[in-house]
Amino acid sequence: MVNDQQYVGGKTEKTGPVRTCLGCGKKAPKASLIRFAVVNGRIVVDEGYSLTGRGAYSCRQEICLRLLAKKGKRLARALRCEKPDPHHDMASLISTTIDSFVAK
Ligand SMILES: [Zn+2]
């Protein structure tokens with residue numbers, strides 16, 4: 001198994017699993033972050049943290065999600081999304097996510 005820049009996933013400490021926001025790079029408890037996963041080549045929000053496969057995380061903040069949209073390729077790489085759907089609209093995913101998950 002290649003294990004380059006992976007977090008040591010699943011390690012549980014007192015605060016529970018901690019993940020890194022791909023937008024701002026800060027670490028935060030997994031439960032406070034939005035999880036993204038890949039389904040059929042499309043990046044989706046994994047609301048229940050239940051989708052299998054690799055996940056990527058962002059704070060529930062508009063600024064982080066906007067940064068994430070700019071780093072779309074990085075997000076795809078973090079998710080090992082080798083063949084992203086060419087019609088997938090990252091910008092609209094991010095704006096929908098902001099509307100649904102970020103408190104205004
Ligand atoms: Zn962040």
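Which residues of strand 5 point one way, and which the other way?

Hello everyone. What you see is a predicted model, in which local features need pLDDT of at least 70 and side-chain atom pairs count only at pLDDT 80 or more, while totals for chains, interfaces and linings use all residues. Residues are numbered from 1 along each chain as its sequence is written.

Let's start with the overall layout. The chain has three helices and five strands; here helices (H or I, at least four residues) and strands (E, at least two) are DSSP runs, numbered from the N terminus. Along the sequence the pattern reads β-β-β-β-β-α-α-α. The chain has 104 residues, and 20% of them count as buried. A residue is buried if 20 or more other C-beta atoms lie within 10 Å of its own, exposed if 12 or fewer, and partly exposed in between, with C-beta atoms placed from the backbone.

Three strands form an open sheet in the order 4-3-5, with antiparallel pairing. Strand 4 (42-45) and strand 5 (56-59) are at the edges with a single partner strand each, so one side of each has no neighbour in the sheet. Two strands pair, by the way, if DSSP finds at least two bridges between them. Strand 3 (residues 33-39) and strand 5 are joined by four bridges. Two examples: Arg 35 has Tyr 57 as its bridge partner in strand 5, and Leu 33 has Cys 59.

Back to my opening question. Ala 56 and Ser 58 point one way from strand 5, Tyr 57 and Cys 59 point the other way, and all are buried. In a regular strand, side chains alternate between the two faces of the sheet.

Next, the loops. Asn 40 lies in the loop between strand 3 and strand 4, and it has a positive phi of about 50° although it is not a glycine. Asn 40 is exposed, with 8 other C-beta atoms within 10 Å. Tyr 49, in the loop between strand 4 and strand 5, also has a positive phi, of about 55°, without being a glycine. Tyr 49 counts as partly exposed, with 14 C-beta neighbours inside 10 Å. Most residues other than glycine have a negative phi.

What about the inside? The largest nonpolar core has 18 residues, and Cys 21, Leu 22, Ile 43, Tyr 57, Leu 68 and Leu 75 touch the most other members. Such a core is a set of buried Ala, Val, Leu, Ile, Met, Phe, Trp, Tyr and Cys residues joined through C-beta atoms within 7 Å. Strand 3, strand 5, helix 1 (62-70), helix 2 (72-78) and helix 3 (90-101) each give two or more residues to this core. Strand 3 gives the most, with four residues.

Finally, helix 3. Which of its residues are buried? They are Leu 93, Ile 94 and Thr 97. These three cover an arc of only 95° around the axis, which puts them on the same side of helix 3; the arc is that of the directions from the helix axis to the C-beta atoms. The cover over these buried residues includes strand 3, strand 4 and helix 1. On the face turned away from the buried side, helix 3 carries the exposed residues Ala 91, Ser 92, Thr 96 and Asp 99.

Terms used. Two residues are in contact if their C-beta atoms, placed from the backbone, lie within 7 Å.
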